[in-house]
Amino acid sequence: MNATHPKFFMNIKEDMKNSLQFKLGVVTKIVFKKMNAQLVQEGIPVLAEQLPILMVVYFQEQPMTQQDIANLLQKDKAGIQRSVQTLYKDGFLKIESDIEDKRKNLVTLTASGKFVCERIQALVIAFDNQVMEHFSESEWKTFVGYLDKVAAVVEK
């Protein structure tokens, strides 16, 4: 079968729809959409895409530079800076100049940022529980194990 044959393109189309990138992308989009709806319903003015930044700062428990956050989340610094600025304007983060290096900004949570992080944790746990009730414990452990394995293989 050559590249101009219609069946060739059908096979490629099916391969793409079943590719790891496509499947993970679809699941991520659905999960973020659902999480964003729950955040709105709870009156939390944060996007699911911003949650990793808040949670990294929350669990780190010490001031972090924007570069530290970018490195931990494996994201580009410019994207992190935009989200940090938004979260700062919304009153969830404090940004202060590093005393030792004025070129660096240190990021910490405000009191409302800590409060929101605690509420978000409860939402994330509830969301996971909603999904997990459709899996046996063994299936869930296997699924998470496969995700961890994919991450490890791709990071090599």
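Q50 is placed in the loop between α2 and α3, where helices (H or I, at least four residues) and strands (E, at least two) are DSSP runs, numbered from the N terminus. The model before us is predicted: local features need pLDDT of at least 70, side-chain atom pairs count only at pLDDT 80 or more, and totals for chains, interfaces and linings use all residues. Residues are numbered from 1 along each chain as its sequence is written, and side-chain values use heavy atoms, with hydrogens and water left out.

Is Q50 buried or exposed? Q50 is buried, with a relative accessible area of 8%. Buried here means under 20% relative accessible area, exposed means over 50%, and partly exposed lies in between (1.4 Å probe, protein chains only). Leaving aside neighbours within four places in sequence, Q50 is in contact with S83, T86 and L87, contact meaning heavy atoms within 4.5 Å. The C-alpha atoms of Q50 and V27 are separated by 18 Å, and these two residues are 23 apart along the chain.

S83 is found in helix α5 and is buried, at a relative accessible area of 18%. Not counting residues up to four places away in sequence, S83 touches Q50 and I53.

Let me now turn to the chain as a whole. How many helices and strands does the chain have? There are 7 helices and 3 strands, and from the N terminus on they run α-α-α-β-α-α-β-β-α-α. The chain has a radius of gyration of 20 Å, whereas a compact globule of 156 residues would have one near 15 Å. That radius is taken over C-alpha atoms, and the globule rule is 2.2 Å times the number of residues to the power 0.38. Along its principal axes, the C-alpha trace spans about 65 × 40 × 30 Å.

Of the 156 residues, 26% count as buried. The chain exposes about 11300 Å², of which carbon and sulfur atoms supply 58%; accessible areas come from the Shrake-Rupley method with a 1.4 Å probe, and for residues only the protein chains shown count as cover. Among contacts between residues at least 6 apart in sequence, 47% join residues at least 24 apart.

The next topic is charge. The chain has 20 positive and 19 negative side chains, and the centres of the two sets lie 7 Å apart. In this count Lys and Arg are positive and Asp and Glu negative, while His and the chain ends are not counted. The place of a charge is taken as NZ of Lys, CZ of Arg, CG of Asp or CD of Glu.

Side chains of opposite charge can pair when their charged atoms come close. How many salt bridges does a search of the whole structure find? The search finds 3, a salt bridge being a side-chain nitrogen of Lys or Arg within 4 Å of a carboxyl oxygen of Asp or Glu.

One of them joins E42 and R119, whose closest N and O atoms are 3.6 Å apart. E42 lies in the loop between α2 (20-41) and α3 (51-60) and R119 in helix α6 (residues 111-132), so this pair ties together parts that are 77 residues apart in sequence. E42 is partly exposed at 39% relative accessible area, and R119 is also partly exposed, at 27%.

Another salt bridge is formed by R103 and D101, at 3.0 Å from N to O. R103 is exposed, with a relative accessible area of 75%, whereas D101 counts as buried at 18%.

In the salt bridge of E137 with K141, the N to O distance is 3.3 Å. Both residues lie in helix α7 (residues 137-155), 4 residues apart, about one turn of the helix. E137 is exposed at 57% relative accessible area, and K141 is exposed at 57%.

D98 lies in the loop between β2 (93-97) and β3 (105-109). D98 is buried yet has no salt bridge, and the nearest side chain of opposite charge, K104, is 5.2 Å away. Leaving aside neighbours within four places in sequence, D98 is in contact with K104 and L106.

Finally, a word on backbone geometry. Most residues other than glycine have a negative phi, and most peptide bonds are trans. Q74, a residue other than glycine, has a positive phi near 55 degrees. Where does Q74 lie? Q74 lies in the loop between α4 (66-73) and α5 (77-89), and Q74 is exposed, with a relative accessible area of 61%.
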